[in-house]
Amino acid sequence: MTFTGEPTRPPGQRRALLRQLPSFLVIGVLSTLFYLGLFVLARWFTGAQAANLIALAVSAVANTAANRRFTFGITGSEGALRHQLQGAVAFLIGLGLSSGALALLGAFVPDASRPVELAGLIVANGLATVARFLLLKTWVFRGR
């Protein structure tokens with residue numbers, strides 16, 4: 001512990017965290033853009049909640065795979081299915097947040113425009129991103 005009462009991290013863990021955060025942020029931004037693009041496309045033929053589910057499901061699988069490889073440096077197929085299944089927990093958190101945001105919009109702004117929907121989804125996605133990193137770092141790819 002430091003003088004401030006905060007736990008200290010071994011230097012190797014600090015270096016790993018400093019290396020992982022930029023990669024995670026780049027993948028997060030690209031995944032969010034991919035998700036929003038899929039949402040807009042799906043929104044042409046379905047409702048907001050179904051479009052959200054479709055876009056989030058597809059982008060979450062791609063996000064977990066990209067973070068597995070680039071953020072946490074895991075290559076090969078060993079453990080990939082387990083990592084995707086564990087990543088599904090982060091997907092469910094994101095789905096809950098984004099579905100909740102869309103439900104709130106539907107209740108309070110029933111005629112919300114697409115840009116307003118997207119703004120709500122961006123906020124929800126930002127919150128889900130924090131949860132995703134914590135889950136990936138402490139549970140899915142623990143020790144990396």
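A residue is called buried here when its relative accessible area is under 20%, exposed when it is over 50%, and partly exposed in between, with a 1.4 Å probe and protein chains only. Keep that in mind as we walk through this predicted model, in which local features need pLDDT of at least 70, side-chain atom pairs count only at pLDDT 80 or more, and totals for chains, interfaces and linings use all residues. Residues are numbered from 1 along each chain as its sequence is written, and side-chain values use heavy atoms, with hydrogens and water left out.

Let us start with the overall layout. The protein has 4 helices and 0 strands, giving the pattern α-α-α-α along the sequence; helices (H or I, at least four residues) and strands (E, at least two) are DSSP runs, numbered from the N terminus. The C-alpha trace spans about 50 × 40 × 20 Å along its principal axes. Of the 144 residues, 38% count as buried. Taking contact to mean heavy atoms within 4.5 Å, residues 24 or more positions apart supply 70% of the contacts with a separation of 6 or more.

Now for the charges, where Lys and Arg count as positive and Asp and Glu as negative, while His and the chain ends are not counted. There are 13 positive and 4 negative side chains, and the centres of the two sets lie 15 Å apart; each charge is placed at NZ of Lys, CZ of Arg, CG of Asp or CD of Glu.

A salt bridge requires a side-chain nitrogen of Lys or Arg within 4 Å of a carboxyl oxygen of Asp or Glu, and a search of the whole structure finds 1. Arg43 and Glu117 form a salt bridge through their side chains, at 3.0 Å from N to O. Because Arg43 lies in helix H1 (residues 11–43) and Glu117 in helix H4, the pair ties together parts that are 74 residues apart in sequence. Arg43 counts as buried at 16% relative accessibility, and Glu117 is buried with a relative accessible area of 6%.

Arg132 is buried yet has no salt bridge, and the nearest side chain of opposite charge, Glu78, is 20 Å away. What does the side chain of Arg132 make a polar contact with? Its partner is the side chain of Thr64, at 3.1 Å. A polar contact is a pair of N or O atoms within 3.5 Å; within protein, one must be able to donate a hydrogen and the other to accept it, and residues adjacent in sequence count only if both atoms are side-chain atoms. Leaving aside residues up to four places away in sequence, Arg132 touches Phe24, Ala60, Asn63, Thr64, Gly87, Ala90 and Phe91.
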